[in-house]
Amino acid sequence: MSTCTVFENVRLIDPASGLDKPGRLLVRDGVVVGYDLPGSEGKPDEAEIVDGQGAVLCPGLVDMRVEIGEPGHEYRETVKSASRAAFAGGVTTVAVLPTGSPPIDDPAMVRMLRFRGEEPDYVSILPYGALTKGCQGAELAEIGLLSEAGAVAFTDGNRAIASARQMKLALTYAQAFDALVVQHPEEPTLAGGCATEGELALRLGLPGIPTAAEAIMIARDIRLVEMTGGRLHFGHVSTGEGVELIRQAKARGVRVTCDTAPQYFDLNETAIGDFRTYAKFSPPLRREDDRLAICAALADGTIDAIASDHAPRDPDDKRLPFAQASAGGTGLATLLGVTLTRYHDGTLSLSDALALLTCRPATLLGVSGAAARGGSRPVGTLVAGAPADLCLFDPDRAWQVIAGELPGHAQNTPFDGRALEGKVLGTWKNGRRVFGGAA
Amino acid sequence: MAEASSGGSRFFGPSDRHLLGIQGMHPSRIEPILDLAESYALLNRSRKTPRDLLRGRTLINLFFEDSTRTRTSFELAGKRLGADVVNMSVAQSSVNKGETLLDTAATLNAMRTDLLVVRHSQSGAPALLAQKVDAAVINAGDGTHEHPTQALLDALTIRRHLGRLEGLTVAICGDIAHSRVARSNIHLLTSMANKVRLVGPPTLVPRSMASLGVEVHHSMETGLRDVDVVMMLRLQKERMSGGLIPSAREYFRYYGLDQRRLDLAKPGALVMHPGPMNRGVEIASQIADSDQSVIREQVEMGVAVRMAVLDRLSRGGRS
């Protein structure tokens, strides 16, 4: 028997199709049928009605940079607990880094994660394939077989490809499969520290990482892309110098893209306070001028997507002296709220902010609309025929982030105590409600 | 020691003393060699080879790199024409400096060698020797540069089966970047008005190879469509350990020749391979052993072509 849901009294925003108007959305059997404007006649009998009370209904968010604990670190988080955090943040699709244990360098691992994400109660999973075997940076992984199994892009996670020759080979080889290579832009021989090199690190006695470590790697890799004609994406860029290099490269037509994460446009290095390990990241939080440059790059389109950079950590991974503590923070549940800070301060329009969280990452990963790669369900859009992955949120409703009370298992948020405007009211995957009660 | 100039001495002809490569060789010089080789192929089958043609001549197989097949082929060719054949295998480590190579040349001159078949891991080594020795030099494979007799034997095999050597579409598949066989074949086939497609992963077939007047394909499915000839190349193990491809299984999955891919070529398309084959890596066993495979005939034509080359070069030396 077919099921039917009508979302009424909502502001429909679909950046992929340029839609931004009040209306209602019809979903049947888990698929978007279409939308119409307020007052239109014709509502299917027995349709379930969801009254949005004027809130925004947009595509479920696509988070292109997520670690989950499975496989290998289930004590940190599982697909199940990560799904709770994702749905609470309006996220319906996550691209999972291949750096679990074992690393995702075998087609069977890719298929396993894909299948997990197809379960109705779990967030959809787009696995990255390892770029090199074991994410060790030495030998190419089986990019072709991994692509065929469903890997959406290739990276060694937070390990930069240190060797220029290896990166050249990867960019060259990946072209046969039109595969996207994703780099952690940090020159590893300069990245031995744990905080941004400068006055604060000096005062705290922490080993520093120069911001140039990012620029050097980006500059090198841009040159390699120009040499090979490959396709490269820089994950979580964090410096003004880095985004400027990418801006210039894009202007020359070089095939490079990038994303950033909320901590790099909402926090600066002072968040580490007196050795606050929940604010320890890789790359580290930067100075205020870098944060402002990231905001500007979001506004002018240099940055293609915002990813949560969700990295669940056990308290034991963080309750260590700063330099020894694990880097990374949770981000799924706070992704939308923190991103909307840039809407509320006028940096981004609401539609542009949502584009960075929906259709643009979907496009980068090859799963947008009609262009979805073979086997992938199209995500990040409300066009007719797309799976009804939906996020209903009130952009003005305030809430406070409290570590310990976040949905999901991991609680290591750098935004603890932060007041945010923009609360998710409901999340749907394939038309079925997976988060939220009455709007 | 003779100081032959490099200009005008590479190819067959009244003044040609050596066979160093196919590049720049005019079809009018290739066809007579193939015609001569054809006659030697027939004589070989009837076991009526002229065993006195090179009587009193000395042929040295000077191999700085192991190659049992090519060396044996030249040895047989020389012996069937009556030459005194000597095999010299030289340890690579002792001759990897140019000066030592020239010392070798001086030694060979002192031995009054007539024909010198040279294989070397360095591109250009036979050309260097050719400048310093009195003998006619035949390049039996130098680095990633050329392997001219392989291209000639491939051409003869194609011509025997398809009746012509122009207007064909030939796909050369595999590790083109490091293949001297591929280079010689590209030069020969393009000079004779054939279309050549290079097929392989981008790490082994760079786009820049299109500058050789060929099409570059990174997909077997597009590269093999409607071709007359499929030439497979051997994938060397070091290409995997060097990181140019991830694994043998991935290579076979995307670039191995199996029945499904061969079906994309013209019906009856020839399947060729210079050997030795890695079955299950670049070619499926059933294809290697199929009726479309002419791999064994390539070996047979190899002896005939080398006889023709030795014949022509020895005549050139006498004239």
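In this predicted model, B:Glu65 and B:Arg180 form a salt bridge whose closest N and O atoms are 3.0 Å apart. Chain B is divided into domain 1, covering 27-146 + 300-313, and domain 2, covering 148-295.

Eight residue pairs are in polar contact across the interface of domain 1 and domain 2 of chain B, with both residues at pLDDT 80 or more. On the side of domain 1 of chain B that touches domain 2, the elements giving two or more residues are helix 1 (27-46), helix 2 (68-80), strand 3 (115-120), strand 4 (136-142) and helix 12 (295-318). Helix 1 of chain B gives the most to that side, with ten residues.

The C-alpha centres of the two domains of chain B lie 25 Å apart. Their contact takes 28 residues from domain 1 and 24 residues from domain 2. Together the domains bury about 2100 Å² between them, 59% of it on carbon and sulfur atoms.

In chain A, strand 2 (residues 19-28) pairs with strand 3 (residues 31-36) in the antiparallel sense, over five bridges. A:Leu26 has A:Gly34 of strand 3 as its bridge partner. The two strands form a hairpin with two residues between them, and A:Asp29 in the turn has a positive phi of about 50 degrees.

Further along chain A, UniProt lists residues 54-241 as "domain: Dihydroorotase catalytic" in an unreviewed entry. Over residues 54-241 chain A is 35% helix and 18% strand, and the end C-alpha atoms are 41 Å apart.

Technical notes. Residues numbered from 1 in each chain as written. Chains lettered and ligands numbered in written order. Predicted model: local features only at pLDDT ≥ 70, side-chain atom pairs only at ≥ 80, totals over all residues. Heavy atoms only, no water. Pairing = 2+ DSSP bridges. Helix = DSSP H or I, 4+ residues; strand = E, 2+ residues; numbered from the N terminus. UniProt positions renumbered as here; feature names shortened; annotations may be inferred. Domains from an automatic or database assignment. Contact = heavy atoms within 4.5 Å. Buried area = accessible area lost by both parts, 1.4 Å probe. Salt bridge = Lys/Arg side-chain N within 4 Å of Asp/Glu carboxyl O. Polar contact = N/O pair within 3.5 Å; in protein donor to acceptor, adjacent residues only side chain to side chain.
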